[in-house]
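Hi,

Here is the structure I promised to pass on. Have a look at it first, then read my notes below.

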Amino acid sequence: MFTSKIPKAQIKQSGNNPVITSIFTADPSAHVWDDGRIYIYASHDVDPPRGCDLMDAYHVFSSNDLVNWVDEGEILHSKDVHWGRPEGGFMWAPDCAYKNGTYYFYYPHPSGTDWNATWKIGVATSDKPASGFVDRGYIEGLDGFAMIDPCVFVDDDGRAYMYYGGGSKCQGGELNEDMMSIKGPMRDMSGLEDFHEAAWVFKRKGLYYLTYADNLENNNRMRYATSKHPLGPWTYQGIFLEPTGCPTTHGSVVEYKGQWYLFYHNQEISGRGNLRSVCIDYLHFHEDGTIQTVVQTKEGVGPVDEVTVDEATTYYPAADCSTGGGAVIQSIDDAEVVVRGMAAKEVYCAFESIDGGTGGRATIYIHYSTAEALAKLNLEVNGHDYSLINAPFSEAASETKGTAYFTASLNPGKNNIIKLTGGYGDISVSGLTVSLFNE
Ligand code: FUB
């Protein structure tokens with residue numbers, strides 16, 4: 001049972017794009033499930049960047065107001081895929097679907113060293129939307145063209161359809177009841193103009209929409225087509241997202257609490273096409289059902305609801321943190337210690353005796369200040385390295401009120417140790433707040 005909430009001090013009243021800033025995320029597939037929350041299934045750009053090759057794992061984020069997002073943590077890593085490419089990596093754009101009490105997580109991943117010739121659509125399942133996923137193998141019987149970017153759409157009558165494609169070819173087909181095999185052959189989706197990748201299907205007022213990224217060089221846009229049938233033929237309708245400044249584009253269109261939204265990524269935080277960040281903007285339809293061009297904003301959207309807050313525990317750096325590299329430990333009062341000037345790699349601050357409750361997922365909120373456009377911290381939890389965590393500048397971050405967050409697993413009891421190391425821009429750290437998921 002999900003009970004993690006956001007600590008009161010971290011609640012944001014207004015949205016900003018990108019919405020996910022603490023790690024680099026891309027290819028957002030957003031879904032609203034029966035618990036009333038909206039979930040983003042995203043791929044993860046590894047920092048320092050190594051292109052799409054080493055995209056290693058998926059994180060999920062959830063919200064009930066579109067402004068405050070909970071990092072639900074990593075749900076699947078390439079090392080957990082038993083049939084996968086021995087060298088790992090290549091965990092590209094995923095999707096998730098729900099049927100009869102099970103969440104099905106679909107992801108493209110190669111099965112061999114020759115990654116471009118061995119793409120498969122993997123499936124992992126769980127009885128929860130954002131944890132507990134177990135690899136179930138891949139969908140058999142699909143042929144070997146660029147089988148990337150799966151999207152699964154479950155229609156009102158319960159029938160499920162899968163779409164995928166890259167390299168200018170998009171295919172669709174119906175899934176069997178088991179959600180892990182194909183009913184009959186996949187077929188080409190006809191009528192799409194300039195299809196590149198990133199297929200996404202949704203339905204509104206009885207009309208099916210297939211959105212996708214086009215081939216505009218180094219600046220893909222989003223186009224779409226409509227049909228009265230889930231597998232087409234499709235009628236091309238036009239471009240609805242102009243270039244974001246990022247070489248790739250990838251998005252999902254979702255209705256939440258009576259309003260439609262586009263989830264997409266850009267490279268606003270990093271300035272690099274391989275360190276991307278998820279954004280949300282409003283999506284509007286014309287009277288005739290065509291989509292209006294989405295206005296890309298820095299303000300973003302929401303909030304659409306009240307956020308439930310949590311009594312989380314805040315910890316301060318141990319007073320004997322390293323002061324190497326010019327860092328200064330400043331005592332604010334008896335309890336609070338701020339480590340200022342963590343600009344060098346030798347500088348760290350450790351947080352000890354962190355209470356992990358009965359053990360399991362916990363979101364770690366890191367309180368920092370920085371004047372850097374994008375400072376970063378190495379995060380280590382009980383010796384496991386979760387680097388790098390972004391700590392970008394914002395007005396709040398200039399006043400020691402910036403917060404970066406990450407969800408990791410804690411051990412039961414009070415012996416957890418969290419260590420932050422600098423070396424990626426000048427940054428000060430004043431504390432951690434730990435919110436347990438209590439599941
Ligand atoms: O993130 C890796 C790949 O880049 C995705 O699969 C594509 O859609 C593009 O966003």
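Glu-72 forms a salt bridge with Arg-361, and their closest N and O atoms are 2.9 Å apart. (A salt bridge here is a side-chain nitrogen of Lys or Arg within 4 Å of a carboxyl oxygen of Asp or Glu.) Before you go on, note that this is a predicted model, where local features need pLDDT of at least 70 and side-chain atom pairs count only at pLDDT 80 or more, while totals for chains, interfaces and linings use all residues. Residues are numbered from 1 along each chain as its sequence is written, and side-chain values use heavy atoms, with hydrogens and water left out.

Now the two domains. The protein chain is assigned domain 1 (15-282) and domain 2 (314-436); such bounds come from an automatic or database domain assignment. How far apart are the C-alpha centres of domain 1 and domain 2? They lie 32 Å apart. Domain 1 puts 18 residues into the contact and domain 2 puts in twelve, with contact meaning heavy atoms within 4.5 Å.

Together the domains bury about 1300 Å², and 46% of that is on carbon and sulfur atoms. (Buried area is the accessible area, taken with a 1.4 Å probe, that two parts lose on being put together, summed over both.) On the domain 1 side, Ser-22, Asp-47 and Asp-71 lose the most area to domain 2, together 42% of what that side buries.

Across this interface the rule finds two salt bridges. It also finds eight residue pairs in polar contact there, both residues at pLDDT 80 or more. (A polar contact is a pair of N or O atoms within 3.5 Å; within protein, one must be able to donate a hydrogen and the other to accept it, and residues adjacent in sequence count only if both atoms are side-chain atoms.) Strand 5 (residues 70-77) gives the most to the domain 1 side, with four residues. Strands are DSSP runs of E, at least two residues long, numbered from the N terminus.

Next, the ligand. The residues around the ligand include Asp-27, Trp-92, Asp-149, His-250 and Arg-276, where "around" means having a heavy atom within 4 Å.

- Asp-27 has a polar side-chain atom 2.5 Å from a ligand oxygen.
- Asp-149 has a side-chain N or O atom 2.5 Å from a ligand oxygen.
- Arg-276 has a polar side-chain atom 2.8 Å from a ligand oxygen.

Arg-276 turns up again in a salt bridge with Asp-45 (2.7 Å, N to O). That pair links distant parts of the chain, 231 residues apart: Asp-45 is in strand 3 (residues 38-45), and Arg-276 is in the loop between strand 19 (259-266) and strand 20 (277-282). The structure holds 16 salt bridges.

Most residues other than glycine have a negative phi, and most peptide bonds are trans. A cis bond joins Gly-302 and Pro-303, with omega about 0°, and Pro-303 is in the loop between strand 20 and strand 21 (309-310). The bond from Ser-387 to Leu-388 is cis too, with omega near -15°. Ser-168 has a positive phi, near 75°, and sits in the loop between strand 11 (160-166) and strand 12 (169-175).

Cheers
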